[in-house]
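Colleague: Could you take one part of this model and go through it closely, with the cut-offs stated as you go?

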Amino acid sequence: MRQFAHALGTSPSRFSSYGSGRVAPSAAFVFRAERIANALRQARRDNVPTAIEAIEAIRRTAEAGDDDRTYALALEARDRLRDILRRHTSLAPAWEAQPRANGEDRWTTLVAAFTGHEFDQAGLPAPRWTDRPKLSTEWVLDTPRLSEDEIKRQTPDWLAERNIFIAEKDLVTL
C-alpha cells in the first residue's frame, strides 16, 4: 500500500486515511487510482515493464557504475514504452505511476524526458512525474568522434531543455 500510495503521488498516511474513510478522496483521484491499478495489474500479468520497474532497473545498473549498460536500459525502456503507446494503449496508465524520486538523479531525469516525449508523440498527456526540473549541471553523453559542442548542436530541444545533451544519432535504435 505504501508503494501504491507513492505511485499515485500521495503519502502513505493520506492514502490510509482514504482507505479508512476518515477522508474522502476526490472523484478524480479515485478514477486515476483505479485506472493506474488496473493498468499495473495488466502490465504485471502480461510481463510488460512499468516506469517504476524500468527506473529501478536503471538505478541498480547505474549504481554498479556501468553507464553504457545504463544508457542501453534507458533506451530499451523508451522503446518498450513507444510500443505500448502504439499497440497496447490500455497499459499507458501503468507508466503514469510515479517512480521513487532520487533527488537530482540524471538517469531518472533522462527517463522522465523520454517518457514525456513519447507520450507527447502519441498525442497523450505526459504523466505528472515526468515534469521534473532540469539538471542543475549539464550532462553531455560522450559520443566517439564528436566534440562536446557538436553533441550539443545535435541534441533535440526536448532533451536540451532538461540540461541533457545526447546527439540525435545516439537516440536511434533498430
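Modeller: What follows is a close look at one helix pair and at a salt bridge within one of its helices. This is a predicted model, in which local features need pLDDT of at least 70 and side-chain atom pairs count only at pLDDT 80 or more, while totals for chains, interfaces and linings use all residues. Residues are numbered from 1 along each chain as its sequence is written, and side-chain values use heavy atoms, with hydrogens and water left out.

Helix α4 covers residues 51-63 and helix α5 residues 67-87, helices being DSSP runs of H or I with at least four residues, numbered from the N terminus. Their axes lie 8 Å apart at an angle of about 170° (axes are lines fitted to C-alpha atoms over the stretch in contact, and angles run from 0 to 180 degrees between N-to-C directions). The two helices are therefore roughly antiparallel, a term for angles over 145 degrees. On the α4 side the contact (heavy atoms within 4.5 Å) is made by Ala 54, Ala 57, Ile 58, Thr 61 and Ala 62, and on the α5 side by Arg 69, Thr 70, Leu 73, Ala 74 and Ala 77.

Further along α5, Asp 83 and Arg 87 are four residues apart, which separates them by about one helical turn. Their side chains form a salt bridge, with the closest N and O atoms 2.6 Å apart (the term requires a side-chain nitrogen of Lys or Arg within 4 Å of a carboxyl oxygen of Asp or Glu). Asp 83 is partly exposed at 26% relative accessibility, whereas Arg 87 is exposed at 64%; buried means under 20%, exposed over 50% and partly exposed in between, with a 1.4 Å probe and protein chains only.

Technical notes
Angles under 35 degrees count as roughly parallel, over 145 as roughly antiparallel, 65 to 115 as roughly perpendicular and the rest as oblique.
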